[in-house]
Amino acid sequence: MLFTKSYITRENELRNSITLAQESSREGLIEEDIISNVFKELLTVQLNNISRKNTVTVSFNHAELADRDYSKFMSNYLSYIENAYMQLTNMRISADFNNTFKIQPYKTIFEIKGNNMSFYFSPPFTNINSIDISLKLGTLRDGTCAQPADDGGNNPIITVNIEDVAGWTCANSQLLSPIEDNNRLNGQQFYLATLDPPGYIEIKFGQVEGTNGIFTVLTSNTTANITQLNVDYDLSATKVFLESGSISINNKTSRIILAQE
Amino acid sequence: MHLIKINKKAVVFTMDAMFALFITLSFFIFINDSLSEPSGSIYSNIDLLQLSNDGLAVLEKSGILENSIKNLNNSELQIYLNGFPEQICGNITLYNSINLKLLSAVKSSCAESDMNAISRRIFISKSDIYLAVMEVWYFET
């Protein structure tokens, strides 16, 4: 009797500890499963790397600007997770993320919104060294590339490489002030008109709609596949990481870290 | 010379007692061995669960889940399952976001079993949400 009781107790304790370990590992797997789809599959944004030498460069090698409602994709995804997926996994799941993420510790917000993409930099803007973007258009060019006047000084250097669907390319690079007014078509943008249907691509850095320190890519009647996008900052004392909202599984809430140095 | 007279009865009792002691000790050692090792069934389920979790992660990262949905073809899933070790059986079913079954594949020559481990993984294809479910179990003859 004594042995039987001891055996059963031991077996139950073992089962409990294994169940607890499994549960915790399962929570981790579920979190990874949910987050792994957010960045590349839903926002189409692919981080290449975060490199640290004399400066820190955050480098992306894919993003698509097309007629897509990224906010809707994200809300559909959240709704699926918080309903159907939650029932299937028998866990309490709630998540809070959208079509943006933040580059920390620089407090730069990235947003992708259909045909447009923006970086919202935080002051002081002196920690931005350069922004380098290469993109391929889905249509033909109409004319040639325009670029803003160079502001000189210690302003960040903005480099833009555009390739149209026929392989024609243009490359421009200027030092631009993060607080200069960049209202549309005031001659302060990198700009290329496109054909069939008539459209354009516009890339600007500076003050946009009253807010300083914005880098934005706007397209109309064309698609743009961003093949390279490097943002170069001054060195930070802490590790650089990309974060986007939070996720809660069985009341355990954690920040969503999409990538880190 | 003084000879000690051996009591034959006492010898029998002593041997009997030693034999009983031997049996009892063997029993204790046997029981102790059994108690110090947990039953295998607890761990075998963990192994199966790890296999199914890893399997789905590999299928997603390698793009096989997305390809299968794009082409509505289960051949790549079938090839993956047939590559499992001989003693492992498995099946994969793909559902859309409203839980409608779209595709499935079972490892060849495997009969269904109740003793299985189940894993699920979300994947995206053309911004649509899908769910892959993998069940794995030990081959039963």
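**Close-up 1. The bridge between B:I124 and B:I129 in the predicted model.** In this predicted model, B:I124 has B:I129 of β4(B) as its bridge partner. The strands concerned, β3(B) and β4(B), the latter covering residues 128–138, pair in the antiparallel sense over 10 bridges. Both belong to an open sheet of four strands in chain B, whose order is β2-β1-β4-β3 and whose pairing is antiparallel. The edges of this sheet are formed by β2 (101–106) and β3 (116–125) of chain B, each of which pairs on one side only, and from one strand to the next the twist averages 15 degrees.

Close-up 2. Helix α3(B) lies across β1 (88–96), β2, β3 and β4 of chain B, and runs at about 70 degrees to β3(B). Within this helix, which spans residues 64–71, the buried residues are B:L65, B:S68 and B:I69. These residues lie on the same side of α3(B), because the arc that they cover around the axis is only 95 degrees. The exposed residues B:K70 and B:N71 are carried by the face of α3(B) that is turned away from its buried side. Just after the helix α3(B), B:L72 adopts a positive phi of about 45 degrees.

**Close-up 3. The packing of α3(B) against α4(B).** Helix α4 of chain B, residues 75–82, packs with α3(B) at an angle of about 140 degrees, the two axes being 8 Å apart. On the α3(B) side the contact is made by B:I64, B:N67 and B:S68, and on the α4(B) side by B:E76, B:L77 and B:Y80. Sorted by class, the residues in the contact of α3(B) with α4(B) are three nonpolar, two polar and one charged. In α4(B) itself, B:L77, B:Y80 and B:L81 are the buried residues. Their arc around the axis is only 95 degrees, which places them on the same side of α4(B), whereas B:S75 and B:I79, on the other side of α4(B), are exposed.

Close-up 4. B:L51 lies in helix α2(B), which comprises residues 40–61. Because B:L51 has 18 C-beta neighbours inside 10 Å, this residue counts as partly exposed. When the neighbours within four places in sequence are left aside, B:L51 is in contact with B:I88 and B:V136.

Close-up 5. The domain assignment of chain B gives domain 1 as 7–37 and domain 2 as 40–138. The C-alpha centres of domain 1 of chain B and domain 2 of chain B lie 53 Å apart.

**Close-up 6. The six-stranded sheet of chain A.** The open sheet shown here has six strands in the order β1-β2-β14-β7-β9-β10 (chain A), with mixed pairing. At its edges stand β1 (46–52) and β10 (169–175) of chain A, each with a single partner strand, so that one side of each has no neighbour in the sheet. On average, and with direction ignored, neighbouring strands of this sheet are turned by 10 degrees against each other. Strand β7 of chain A (residues 128–137) is joined by nine bridges to strand β14 of chain A (residues 224–234), and the two run antiparallel. A:K136 stands opposite A:N225, which lies in β14(A).

Key:
Residues numbered from 1 in each chain as written. Chains lettered and ligands numbered in written order. Predicted model: local features only at pLDDT ≥ 70, side-chain atom pairs only at ≥ 80, totals over all residues. Buried ≥ 20, exposed ≤ 12 C-beta atoms within 10 Å, placed from the backbone. Arc of directions from axis to C-beta. Pairing = 2+ DSSP bridges. Axes fitted to C-alpha atoms, helices over the stretch in contact; angles between N-to-C directions. Contact = placed C-beta atoms within 7 Å. Domains from an automatic or database assignment. Nonpolar A, V, L, I, M, F, W, Y, C, P; charged D, E, K, R; others polar.
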